Amino acid sequence: MAVTPAAACLLAVFLIGRTAAEQTPEIRHWLSAAYALPSAAAADWSFAGYRGGDSVLPSLPPAYNAVRDFGARGDGRTDDTAALQAAVTAARKKAGVILLPAGTYRLSRPLTITSAGVVLRGDGEDKTRIVIEQALADIYPSSKANWSRPVGGFIEFKGVAESSSRAGTLLAAVKGRTAPGTKRLQVSIVRGISAGQWVRVFAPAGSLPERQLSARVAAVNSTAGWVELDRALPFDTQPGCSLHQYVPTVAQGGVERLTIEFSKVPRYGAHASDRGYNALYLSSAADAWIDQVTVLNADNAVALDRVDHATLRDVTVGTSTRRWAATDATWQREGHHAISLSGCHAVLVTRFRITSRYYHDLAATHSSLLNVFTGGAALDLNLHQERGPLANLFSDLEVGAGRRLFASPGSTRPGPLTTYWNLRGATPPAALPSPPPPPPPSPPPAQSGCGTPEQDVDLWDADIATVKAKTLADCFSACAATAGCGAFTLVASWGECYLKSAKGWTRQSLKGAQSVVVVPCKKASAASRTTSQTAGHPGRRLAGADAASLRPLALPGCAYGTSLNFIGSWAPADRKCPGNLVEPLNSSLPLDFYWQQWFDRGDEPPIQGAHRPVAEAATEACRTWMGDSQDPLECWDLAYDHCIPGYTSRNWVPKAVVYNEQKVLAQLFKDGAADGDFGKPPVPPSQYSRICVASARAGTGACSRVKPGSYRIHTLGFRPAGLAKCDHVTGKTLFVKAHITSKHEITVWGTVGHR
């Protein structure tokens with residue numbers, strides 16, 4: 001069936017592969033997150049994200065159209081500031097989504113949103129652009145603000161500051177002392193506190209900014225005078241701690257589907273020399289989001305200050321023009337912060353791409369705690385932590401060159417329970433963008449043919465034969481020896497060369513492939529050259545790299561911090577620092593610790609024997625299963641958590657693939673809802689799991705409604721009556737056959753069945 005776009009954008013869970021009987025290695029049980037880290041070294045990150053990770057981001061219809069309703073032009077010449085401000089003012093009176101239709105909108109002053117329920121939405125990052133020519137220092141020349149700090153941006157969401165001194169919010173003082181990990185607090189008074197209520201806990205931290213955690217009250221005992229929370233505190237409590245009402249004034253809002261670009265920017269100077277080319281700033285907000293947004297040429301692209309339970313998803317930060325100064329030729333840093341969290345907790349930053357170097361790519365500072373950075377990739381990632389951060393998780397990250405991971409100007413040290421899980425570096429180390437390495441030449445005449453290698457291109461169809469090969473020279477020789485061969489595609493990481501006719505094929509994108517149309521050789525000096533690829537940019541490959549060959553990352557020295565966790569490939573692996581845990585990531589552990597914890601917190605635990613395929617099994621399925629054709633992209637994990645063949649880094653999968661994947665899932669959900677799979681009226685699942693792959697046992701017991709050929713999606717919210725556990729059946733794995741076109745469009749066909 002051809003999949004049409006759907007309005008919902010939902011996270012996916014499907015594994016493309018062979019039948020269960022054919023799978024090797026055999027699918028094994030995942031270890032529960034509880035066993036992955038010692039209890040003394042672990043924190044609970046499963047509540048990170050919008051509404052505690054329990055809801056998908058909302059997608060409401062637009063209430064306002066900036067062009068139709070307020071006169072914005074979007075022509076790239078007119079200053080649209082007044083029109084956009086009028087839209088924000090209207091949404092302050094009546095909340096809603098403000099649509100910026102496709103176009104280029106010039107903004108000359110900040111837009112400040114101080115109320116709940118306001119969303120700025122474009123028509124897509126490639127269609128809606130906000131262009132800014134000035135810096136905040138130009139607009140406020142008399143201001144003494146330090147624009148290098150999180151103090152403002154051109155699009156601002158500003159709530160009433162959250163602190164223990166906020167008037168009218170105090171519920172009770174916390175009595176006595178407790179150790180980190182406690183859920184139960186003795187309080188001075190329980191009147192006015194009830195189960196199910198959201199509260200904030202504030203704790204002094206000496207000379208550091210006070211810590212805070214928002215949580216739901218699980219139980220109250222008025223006789224014993226205690227309150228129990230639904231999650232553990234990562235810090236201790238002592239005299240001065242207090243319990244407050246949870247009353248954020250800015251919530252349920254965000255920015256989505258657009259690009260923000262600073263068009264006239266100078267070179268970035270020394271560290272913290274910012275003039276205020278700051279794009280997005282969220283302060284004292286909750287349940288907010290930034291989704292499918294690109295920011296270009298900023299000093300500080302995305303800054304959050306005292307924000308909790310927000311989601312930053314599919315955020316790209318980079319440059320469209322060189323900003324690094326000549327004095328910084330070694331590192332070529334283009335700005336100050338890419339993504340910065342200050343005083344934040346339970347924020348989820350997922351599927352980000354940082355395509356330039358910044359002084360601080362990811363920052364967690366000023367008592368930020370329990371934040372999660374996952375599923376992202378960077379050119380040469382730098383992590384910045386100072387002023388009391390605690391228990392932040394960095395999981396499933398492609399760090400690129402990895403030359404400066406922990407070498408951050410101004411950093412002090414991360415706090416206890418900070419965890420680095422499955423961080424991966426490029427092999428070989430990514431080259432600096434300038435100057436690029438010389439491109440490799442085409443094979444000389446001695447290799448029985450010539451032609452211009454086309455990088456990341458597959459010649460589809462017209463196959464004659466498949467031979468083992470590692471180099472272009474091997475392919476040229478094999479083609480010359482094969483009757484009818486006039487072209488070929490080499491996928492060196494697979495060790496295979498696909499020989500093809502001179503005509504009858506079509507070009508399509510395949511990361512890692514090199515294709516040549518063979519022509520008679522001319523003079524050697526006229527040999528054509530390929531365009532070199534800089535490792536680490538979106539959609540580009542590290543030639544010949546394989547996930548198993550990624551090099552170990554360098555551990556920081558013991559002075560870097562204590563009670564830290566380093567899980568993955570680190571060197572030297574035998575370094576012993578007091579209190580730190582350094583362990584390899586074996587094939588039985590999850591690739592992403594956050595999603596494992598998130599799954600384990602499901603409202604119903606899996607039945608005994610339920611399982612998910614480990615990375616080894618998923619990779620093997622994706623690597624070898626091709627169905628009845630030669631197209632490796634037919635083997636596709638829709639959740640891209642394990643592999644898309646041809647892409648050496650799943651976190652660099654082109655956004656078009658990711659977004660179309662979500663449309664596929666939306667369509668599958670739509671079909672399932674029409675069949676009554678999600679109740680009547682259908683209730684969308686709370687969130688699709690990106691790591692669980694399971695299916696129902698068709699036609700038996702409580703699952704009698706499940707017909708062979710149906711599909712099941714495991715989700716925390718998939719609990720229709722009588723089918724509560726049907727998607728947790730041992731030995732049953734769900735497979736879907738899919739194809740990605742050269743334009744990253746997706747077609748799903750064939751019977752979607754239970755194997």
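Author: Two strands pair if DSSP finds at least two bridges between them; a strand is a DSSP run of E of at least two residues, a helix a run of H or I of at least four, and both are numbered from the N terminus. The model is predicted: local features need pLDDT of at least 70, side-chain atom pairs count only at pLDDT 80 or more, and totals for chains, interfaces and linings use all residues. Residues are numbered from 1 along each chain as its sequence is written, and side-chain values use heavy atoms, with hydrogens and water left out.

Reader: What makes β31 and β35 pair?

Author: Strand β31 and strand β35 (residues 506-517) are joined by 6 bridges in the antiparallel sense. At least two bridges are needed, so β31 and β35 qualify as a pair. Within this pairing, Leu-459 stands opposite Arg-507 in β35.

Reader: In what order do the strands of the open sheet lie?

Author: The sheet has 5 strands in the order β31-β35-β33-β34-β32, and their pairing is antiparallel. Strands β31 (454-460) and β32 stand at the edges, and each has a single partner strand, so one side of each lacks a neighbour in the sheet. On average, neighbouring strands are turned by 35° against each other, direction ignored. Such angles are taken between axes, which are lines fitted to C-alpha atoms (for helices over the stretch in contact), and run from 0 to 180 degrees between N-to-C directions.

Reader: How do you know that helix α5 packs on the sheet?

Author: Helix α5 (residues 472-480) touches β32, β33, β34 and β35, and its direction makes about 145° with that of β33. Contact here means heavy atoms within 4.5 Å.

Reader: Which strands pair with β34?

Author: Strand β32 (residues 463-468) pairs with β34 over 5 bridges in the antiparallel sense, and strand β33 (residues 487-491) is also joined to β34 by 5 bridges and runs antiparallel to it. Cys-497 in β34 has Val-467 opposite and also Leu-490 opposite. In the hairpin of β33 and β34, with 4 residues between the strands, Gly-495 takes a positive phi near 70°.

Reader: Why is strand β34 called largely enclosed?

Author: All 5 of the 5 residues of β34 (residues 496-500) are buried, so the rest of the structure largely encloses the strand. Buried means under 20% relative accessible area, exposed over 50%, and partly exposed in between (1.4 Å probe, protein chains only). Glu-496, Tyr-498 and Lys-500 point one way from β34, and Cys-497 and Leu-499 the other way. In a regular strand, side chains alternate between the two faces of the sheet.

Reader: Why is the link between Cys-475 and Cys-497 called a disulfide?

Author: A disulfide is a pair of cysteine sulfur atoms within 2.5 Å. The sulfur atoms of Cys-475 and Cys-497 are 2.3 Å apart, so the pair meets the rule. Cys-475 lies in helix α5 and Cys-497 in strand β34, 22 residues apart, and both are buried.

Reader: How many disulfides does this rule give?

Author: The count comes to 3 disulfides. Another of them joins Cys-479 and Cys-485, with sulfur atoms 2.0 Å apart; at -105° about the S-S bond, this link is left-handed. Cys-558 and Cys-577 are also joined, S to S 2.1 Å.

Reader: Are Cys-558 and Cys-577 buried or partly exposed?

Author: Cys-558 has a relative accessible area of 35% and is therefore partly exposed. Cys-577 has 11%, which makes it buried.
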